[in-house]
Amino acid sequence: MTQTKRALITGITGQDGSYLSEFLLEQGYEVHGIIRRTSTFNTDRIDHIYVDPHDTQAKLFLHYGDLTDGTTLRRILEQVQPVEIYNLGAQSHVRVSFDSPEYTVDSVGMGTLRLLEAIRDYQQRTGIEVRFYQAGSSEMFGKVQDIPQKETTPFYPRSPYACAKVYAHWQTVNYRESYDLFACNGILFNHESPRRGETFVTRKITRAIARIVAGTQKKLYLGNLDSKRDWGYAKDYVRAMWLMLQQQEADDYVIATGETHSIREFLEISFNYVNLKWEDYVAFDERYLRPAEVDLLIGDPTKAKENLGWEPSVTFEELVHLMVEADLAVLGLSSPNGTPNDQILLLKDNAYVRQPM
Ligand code: NDP
Ligand code: GDR
């Protein structure tokens, strides 16, 4: 009989953590996640897959911890004994990283180092191989050097967040080369979904559209509309994380769609979908500008396609529509264009019914 594989995820309560958990559970893994203690519940995105641990069917387990707390990380590692670790935990908001640089660097940069150190000791002591995935970001490319950006493009980070991700990237490479750890960097371009945090621009827009349609919001305040991003669907991207850890050799991969679109184009397609003109609702607020901006991101996913067999399955337009539909559904509304071919958060008898999307 084969043993159940055990995975540990930091950032399990985030957008990617929730999709990755679902994916790994479907693959038959036992999934362990690190959650932070908060005064209100922060497990909304994984509530639908959580089963009381007293239940013999339970396959998902949560542990309190924090990337700023190395002792706890070590303790959890000893307790869980995972064969794969996905380091997704981060203060992941670029704009906020300018307001809170020390904390951002501590969680993103030092947090990764703490985890790598814990794995190094654990692996040396037990002889058990632990495969490590580091959630790298296209923000590391920052100021345009190459179009499109690929694994060999030099980094030029433009925010405390991006600087910390570059640090985490090189530490991951370093631990691979110094201690023979199976450690991979995913360099993921922006990926979105109905579970995207509400303050990232795509979700901020689609959520506002639903409220505008519902008559509870009149204006949407945004910053720079000219920057361009390579936007994909989060569900596709977590599959790529897993694929990286199933290869013979540890390596680094760009995960992207190879297409880029401006915030303006996102506005155009999303507002059009509900027959509204974005110019009638969007207003500028300088609060949402960054001290330094990343103007253009477009990734080249050729290596991932060739080595991992990975490809995105959702187009830009489909992604925008799927997000608008989901936010309309949260308010019990539907668009004139039907519903997406997936499951969503539905309002039934004044209560939300959570279903994966
Ligand atoms: P989210 O912001 O949705 O989730 C971040 C997760 O990290 C949450 O679970 C959060 O917990 C947790 N977290 C925050 N601070 C700490 C800490 N100090 N210790 C432990 N956990 C912490 O991010 P995404 O899911 O979108 O992204 C996942 C990872 O991928 C992040 O590292 C992000 O930087 C990176 N990334 C994301 C991309 C994207 O487009 N989404 C692209 C490239 C990289 P809580 O719920 O309690 O806040
Ligand atoms: P990004 O995503 O910074 O690319 O980081 P975000 O959605 O925050 O910004 C994208 C672009 O939109 C512009 N923008 C606004 N952004 C926000 N958040 N709010 C606004 O009101 C607004 N108006 C315009 C921004 O200036 C920017 O150019 C995301 C995060 O998930 C990171 O963790 C991840 O590493 C990268 O994607 C890849």
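Is Asp-180 buried or exposed? Select Asp-180 to begin: it is exposed, because 12 other C-beta atoms lie within 10 Å. Here a residue is buried with 20 or more other C-beta atoms within 10 Å of its own, exposed with 12 or fewer, and partly exposed in between, the C-beta atoms being placed from the backbone.

This is a predicted model, in which local features need pLDDT of at least 70 and side-chain atom pairs count only at pLDDT 80 or more, while totals for chains, interfaces and linings use all residues. Residues are numbered from 1 along each chain as its sequence is written, and chains are lettered from A and ligands numbered from 1 in the order in which they are written.

**Backbone exceptions**

Stay on Asp-180, which sits in the loop between α5 and β6 (182-188). Helices (H or I, at least four residues) and strands (E, at least two) are DSSP runs, numbered from the N terminus. Phi of Asp-180 is positive, about 60°, although the residue is not a glycine. Most residues other than glycine have a negative phi, and most peptide bonds are trans.

Next select Gln-81, in the loop between α2 (70-80) and β4 (84-87). Its phi is also positive, near 50°. Gln-81 counts as partly exposed because it has 13 C-beta neighbours inside 10 Å.

Then go to Ile-147 and Pro-148, which are joined by a cis peptide bond with omega about -10°. Pro-148 lies in the loop between β5 (131-137) and α5 (160-179).

**Two domains**

Colour domain 1 (6-193 + 230-255) and domain 2 (201-228 + 261-293 + 315-353) separately; the bounds come from an automatic or database domain assignment. Their centres, taken over C-alpha atoms, are 28 Å apart. Eight residues of domain 1 are in contact (C-beta atoms, placed from the backbone, within 7 Å) with 10 residues of domain 2. On the domain 1 side, α3 gives the most, with three residues.

**Ligand 2**

Centre on ligand 2 and show the 21 residues around it, of which Ser-137, Val-201, Gly-223, Ser-227 and Tyr-288 come nearest. A residue is near a molecule if its C-beta atom, placed from the backbone, lies within 6 Å of it. Both α3 (94-99) and α6 (201-214) supply at least two residues of this shell, and domain 1 and domain 2 each provide at least three. The shell has seven nonpolar, eight polar and six charged residues. In this scheme Ala, Val, Leu, Ile, Met, Phe, Trp, Tyr, Cys and Pro are nonpolar, Asp, Glu, Lys and Arg are charged, and the others, Gly among them, are polar.

Select residues 316-330, helix α10. Its 15 residues reach 22 Å from first C-alpha to last, close to the expected 21 Å, which is 1.5 Å times one less than the number of residues. The helix is largely enclosed by the rest of the structure, because 12 of its 15 residues are buried; among them are Phe-316, Leu-319 and Leu-322. Gly-332 follows α10 and has a positive phi near 75°.

Now show the largest nonpolar core, which has 86 residues. Such a core is a set of buried Ala, Val, Leu, Ile, Met, Phe, Trp, Tyr and Cys residues joined through C-beta atoms within 7 Å. Ile-9, Ile-85, Tyr-86, Ile-119, Phe-132, Ile-255 and Leu-319 have the most contacts inside the core. Helix α10 contributes the largest share, nine residues.

Finish at Ile-255: leaving aside neighbours within four places in sequence, its contacts include Ile-187, Tyr-237, Pro-301 and Trp-310.

Conventions. Contact = placed C-beta atoms within 7 Å.
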